Structures are given as C-alpha cells and as structure tokens.
Amino acid sequence: MTTGSAPDLTDGFHLLVDALKLNGVETIYGLVGIPITDLARLAQASGIRFIGFRHETSAGNAAAAAGFLTGRPGVCLTVSAPGFLNGLVALANATTNCFPMIQISGSSERELVDLQRGDYEELDQLNAARPFAKAAYRIGRVQDIGLGVARAIRTAVSGRPGGVYLDIPGAVLAEAIDTATAADTLWRVVDPAPRQLPAPEAVDRAVRLLAQAQRPLIVLGKGAAYARCDNVIRQFVETTEIPFLPMSMAKGILPDTHPQSVAAARSVALARADVVMLVGARLNWLLGHGEPPRWSTDAKFIQVDIEASEFDSNRPIAAPLAGDIGSVMAALLGRVRELPIIAPTTWTGELTERRAHNDAAMRKRLAEDPHPMQFHNALRAIRDVLVQHPQVYLVNEGANALDVARNVIDMPAPRHRLDSGTWGVMGVGMGYAIAAAVETGERVVAIEGDSAFGFSAMEFETICRYRLPITVVVLNNGGVYRGDEAPTSGTDPAPTVLSAHARHELIAEAFGGKGYHVTTSAELQSALTEALASNGPAIVDCELDPAAGTESGHLTSLNPKSAVTPPG
Ligand code: ADP
C-alpha cells in the first residue's frame with residue numbers, strides 16, 4: 001500500500017473568483033444570501049471589491065452603469081429566485097440600453113427544479129432570464145466555470161453590448177476539483193470587443209448622401225458615448241461644420257456649449273433636416289420613430305450602428321453603416337476631408353439664429369426666482385454650482401426633474417450623465433450614482449424627483465456605509481408629477497399624491513450622512529456647494545411648490561385618455 005499526499009483541491013467558489021479576477025473584474029455589486037454568501041466573502045478576500053446593496057435591482061443597476069462607464073461588463077451577484085428576479089429587472093434594463101453587464105446568480109439543483117419538487121427559492125432561472133437578456137447560460141460542471149465566464153464576458157461586450165445571465169447551481173459552486181486541473185480550465189478573453197470596420201462601398205454611399213445635403217444634421221446617441229471615440233467624432237463634426245444634436249446621455253461628447261450644438265433648436269433641426277446621420281442613436285420613441293410631423297417626410301437617413309438589424313426598424317435607412325463607431329467615423333473623416341464636405345451656411349445660420357432666440361427665452365426664465373420654488377429656479381441654482389465642478393458625474397431621473405434638468409444643465413465632459421435612458425425608467429438613481437462614484441472615484445450629484453428617489457432611497461444606507469461622495473438633490477413637490485391633486489372621491493389621497501412636506505434629508509441623518517432642507521434657490525446653492533465640499537454622502541431636500549410640474553413632464557401626449565367622461 002502506498003501513502004501518497006492528498007490531492008490539492010479547490011472548488012467552484014474559488015474557481016469563479018479566479019476566473020473573474022483573471023478577466024479583470026475589480027468590483028462585484030450584489031446582495032448576499034443562499035447560496036452565494038461565501039462567494040462574496042472569497043471575492044473580497046481575493047481583492048475584488050464587493051459592494052453590498054439593500055435591493056438586487058439597485059445592485060444590478062449599478063453593474064449596468066459600471067458597464068456603460070468602463071466599457072467592461074459590470075458584474076452583479078444575486079441569490080436564487082426572488083433575488084434573481086429583482087436583479088433581472090436591471091439586466092433587462094441594461095440590455096434595452098445596450099450596456100454590458102453580467103448577472104451571476106446562484107440557483108437550486110437541476111434535479112429539484114426540473115421536477116418542480118419545491119426547493120428553497122426554487123425557480124427555473126435560466127428560462128426565466130432568456131427573454132430579458134442578450135443571452136443566458138448555465139454552468140453545469142465545475143470544470144466549465146472558466147468557459148462560462150469567458151462566454152459571458154465575450155457576449156456582453158462584443159457587437160451590440162447587453163446583459164448576460166450566468167446561472168450557477170449551488171452544488172457546482174461547492175464541487176471540488178483538483179487545483180492543477182482547475183487552473184487549466186481558465187483563460188483570459190482576448191480582445192473582448194473587436195473592432196468592426198465598415199464596408200468601403202457603405203462609406204461611399206453615406207458620403208455621397210452627405211455631399212448632396214442642404215440641411216444635414218448629426219444625432220449623437222449614447223452608443224456614441226459608449227464607443228469612446230470622442231476625438232474622432234469631434235473632428236468629424238468640426239471638419240464638416242454639420243450641426244449636432246446630442247441625446248441626453250450623449251451630452252458632453254462635445255461640450256453642450258459647443259457652437260455647433262443645436263440642442264436648443266431641437267424641434268427646428270429635426271423638422272427641417274434633409275439628411276440625418278444617426279451615430280449610436282436609435283430611431284425609437286425618443287426620436288418620434290423618425291416620423292412626421294417631428295421629422296420631414298423627405299428626410300434621408302444615414303445610420304452608424306454596430307447592430308445591422310437596427311437599420312430600417314422605423315424608417316428606411318438610405319445609407320446604413322454597420323461597424324463600430326470609432327472605425328466608421330475614422331473612415332468617414334478621411335473621406336470628408338478629401339472632398340471636402342462642409343454644411344451650407346444658410347442652414348447653419350438658420351439654426352444659430354433659432355438657438356440664440358431659444359437661449360434668450362431660457363435665460364429669461366432662469367432669471368426668475370419664484371417662491372415657493374419651481375423646477376426652473378431650483379435647477380438654475382444647481383447648474384450654477386455644477387459649472388464650478390465640471391468633473392462631477394450627474395445622475396438624473398424623474399419626470400419634470402429629468403426633462404428640465406436635461407435642458408438646463410450643460411455637460412462639459414463625455415459619459416458624465418446617467419439617466420432614465422431608453423425605457424424612461426424610474427428607480428435607477430442610487431444604483432447608477434453608486435457605480436459612478438465607485439468606478440470613477442469622482443463626486444456624484446443625483447438630481448431626483450421625489451417619487452423617483454423613493455424607488456431606491458434605501459440605498460442611501462449603502463452610500464453611507466461605503467462613504468461615497470454622493471449628493472442626492474430631491475426636487476420635492478410632494479407627488480408623482482405634482483403634489484396638489486385633489487382626491488376624485490373619498491378621503492384617500494389622489495393616486496399621484498405623496499406625503500406633503502416630506503423631509504427626505506432625515507434619511508441621510510439616519511445613516512450618518514449630512515442632511516439639508518432648503519426652500520429657496522439661494523439656500524439650495526449654498527447647501528449643494530457645502531455638500532460637494534464635504535466629499536461625503538448628503539441629501540438636499542428641496543421643497544418645491546406642490547403645484548410645480550406637469551403630468552408626465554414632456555411625455556404628456558403619451559398618456560391615453562379615457563374615452564368615457566368620468567362620473568361627477
Ligand atoms: P440614445 O437613447 O442615446 O438615442 P440608443 O440606446 O437608442 O441611444 O442607441 C445606441 C445605439 O448604439 C444602439 O443601437 C447600439 O447598437 C449602438 N452601439 C453601441 N455601441 C456601439 C459601438 N461601439 N459602435 C457602434 N454602435 C454602437
């Protein structure tokens with residue numbers, strides 16, 4: 001009988017952490033519980049930062065925002081069934097917004113789930129995730145952990161980025177494997193998002209169209225921000241002198257103060273443009289589906305996108321340019337310089353005039369300082385502080401809080417604004433703010449409607465626990481849209497009404513942050529200045545007129561109205 005030493009063993013927990021580390025994952029956003037608590041501990045012990053949340057949707061939103069901000073998939077870790085489903089909301093939102101993200105979830109054993117034997121937190125998570133994610137994979141054996149992680153990373157960031165679900169049953173995490181064999185099962189993904197060059201004939205077609213344009217317009221979307229090719233986009237815009245319109249999360253690729261920005265002449269630019277070049281922007285509801293009357297019936301579209309199936313989704317695309325934005329814009333830049341292509345001054349002059357007219361109207365509006373505060377004077381005060389802090393990241397959600405802030409607050413730098421995005425969703429605020437602070441180390445200001453803040457307000461405890469430099473400004477008019485609606489009957493509050501005079505700043509104090517309550521724009525300005533200087537967590541509850549705001553903000557027309565006159 002020989003007595004050899006026992007084989008050196010590792011297990012799925014360790015292997016998963018090793019695979020993530022090998023692929024450069026530095027942070028995991030999650031919420032622990034069965035069966036992934038040890039995974040979080042091991043990740044932390046290995047040097048990965050684990051940020052523990054109070055609700056999985058916020059953890060997932062943080063991972064999604066991390067994906068947008070870094071270009072690498074943000075990782076979210078959830079427990080089985082309910083925790084998984086909470087996280088799935090964020091995974092679906094990430095996929096809709098084209099943000100790369102991986103949700104890793106522990107799950108029950110296949111033999112129990114598949115026969116529906118009623119396990120603790122039992123759910124067929126893989127199939128539940130499929131319709132809401134770019135892809136969903138399950139790892140069924142410990143030796144496949146490296147493969148599963150590589151596949152998830154590759155899928156999340158290559159082509160059109162999106163959310164990937166990675167299912168790992170608890171037994172696979174606990175499964176032992178020989179250490180030497182295990183090391184051979186891991187690899188680092190090479191060039192996870194390869195460049196995709198456009199076809200030369202597609203470039204020619206687009207350039208021919210641009211050369212004929214009398215009223216060209218460039219629309220920059222958040223795909224252009226995500227592509228991280230700010231320099232080539234800027235050179236293209238400045239070489240051609242074509243006016244550009246940034247979608248909200250594309251603000252700052254070129255500064256909003258740039259003379260060619262026509263954000264302040266948006267309606268005229270859209271309605272009159274004859275050749276429109278969409279760069280990382282979809283012709284979805286945010287752009288009126290490209291339809292008249294918002295757009296001209298005769299407008300012709302050039303679209304730059306990595307996802308060819310996006311073309312013709314709403315209007316005919318006369319010049320589709322499939323490829324990554326950096327490569328496509330570089331190819332276009334070479335050609336427009338040769339020709340050259342310059343936007344006609346009659347058109348640029350028309351838009352400059354309209355912009356000056358609208359800017360003057362906005363300046364006049366912002367000079368008013370009503371009391372109780374309205375959205376405009378509150379946001380003017382915030383703007384005046386943020387101008388002094390161009391490096392601050394801005395998170396923004398709400399209805400009026402979103403619409404007015406987008407118009408009033410200029411962005412000087414790319415990828416510094418995170419907002420409700422493609423779904424127009426509420427509840428992303430604290431998750432996005434936490435990711436912005438964690439990933440960049442910069443200060444963050446979250447401008448929140450009081451209703452929007454409520455969806456993720458408990459994450460302020462997370463913000464305080466990690467001492468993150470986040471200031472939340474709650475534009476508090478005491479309701480969803482506004483707080484002054486009378487009940488239609490009985491004594492219950494109207495459906496749109498929240499607690500009057502709620503003091504959100506007390507939430508900050510509960511967890512050791514700084515709280516401010518302000519009722520004038522001057523108080524708001526000094527509270528925000530002080531909060532930013534403190535570099536710590538703060539909430540500024542900003543008491544607005546309960547009658548401030550309009551129903552659904554700029555989206556009033558999307559509300560279907562009852563065909564039957566209500567009683568009374
Ligand atoms: P917005 O809401 O700002 O208009 P969208 O989210 O609608 O922007 O559009 C983003 C588009 O950008 C998506 O169609 C996506 O496929 C595309 N996209 C994302 N990253 C890249 C990239 N690196 N190169 C080319 N297109 C990209």
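Trainee: Which residues does the UniProt annotation "domain: Thiamine pyrophosphate enzyme TPP-binding" cover?

Mentor: The annotation, from an unreviewed entry, covers residues 404–542. UniProt positions are given here in the numbering used for this chain, with shortened feature names, and annotations may be inferred rather than shown by experiment. This is a predicted model, where local features need pLDDT of at least 70 and side-chain atom pairs count only at pLDDT 80 or more, while totals for chains, interfaces and linings use all residues. Residues are numbered from 1 along each chain as its sequence is written, and side-chain values use heavy atoms, leaving out hydrogens and water.

Trainee: How much helix and strand do residues 404–542 hold?

Mentor: Helices (H or I, at least four residues) and strands (E, at least two) are DSSP runs, numbered from the N terminus. Residues 404–542 are 35% helix and 19% strand, with end C-alpha atoms 15 Å apart. UniProt also places "domain: Thiamine pyrophosphate enzyme central", again from an unreviewed entry, at residues 203–332. There the chain is 32% helix and 18% strand, and 6 Å separate the end C-alpha atoms.

Trainee: What domains does the domain assignment give?

Mentor: Such bounds come from an automatic or database assignment. Here they are domain 1 (9–185), domain 2 (200–353) and domain 3 (368–483 + 495–543). Taken over C-alpha atoms, the centres of domain 1 and domain 2 lie 37 Å apart. Their contact (heavy atoms within 4.5 Å) takes 14 residues from domain 1 and ten residues from domain 2.

Trainee: What area is buried between domain 1 and domain 2?

Mentor: Buried area is the accessible area (1.4 Å probe) that two parts lose on being put together, summed over both. For this pair it is about 950 Å², and carbon and sulfur atoms give 55% of that.

Trainee: How many salt bridges does the rule find across this interface?

Mentor: A salt bridge needs a side-chain nitrogen of Lys or Arg within 4 Å of a carboxyl oxygen of Asp or Glu. The rule finds one across the interface of domain 1 and domain 2. A salt bridge joins the side chains of R160 and E310 at 2.8 Å, N to O.

Trainee: Which elements give two or more residues to the side of domain 1 that touches domain 2?

Mentor: They are α3 (56–70) and α4 (82–97). Of the elements, α3 gives the most, with four residues.

Trainee: How many salt bridges does the structure hold?

Mentor: The structure holds 22. One of the salt bridges pairs R138 with D124 (3.9 Å, N to O). R138 is in strand β6 (residues 135–138), and D124 sits in the loop between α5 (110–113) and α6 (125–129), 14 residues apart.
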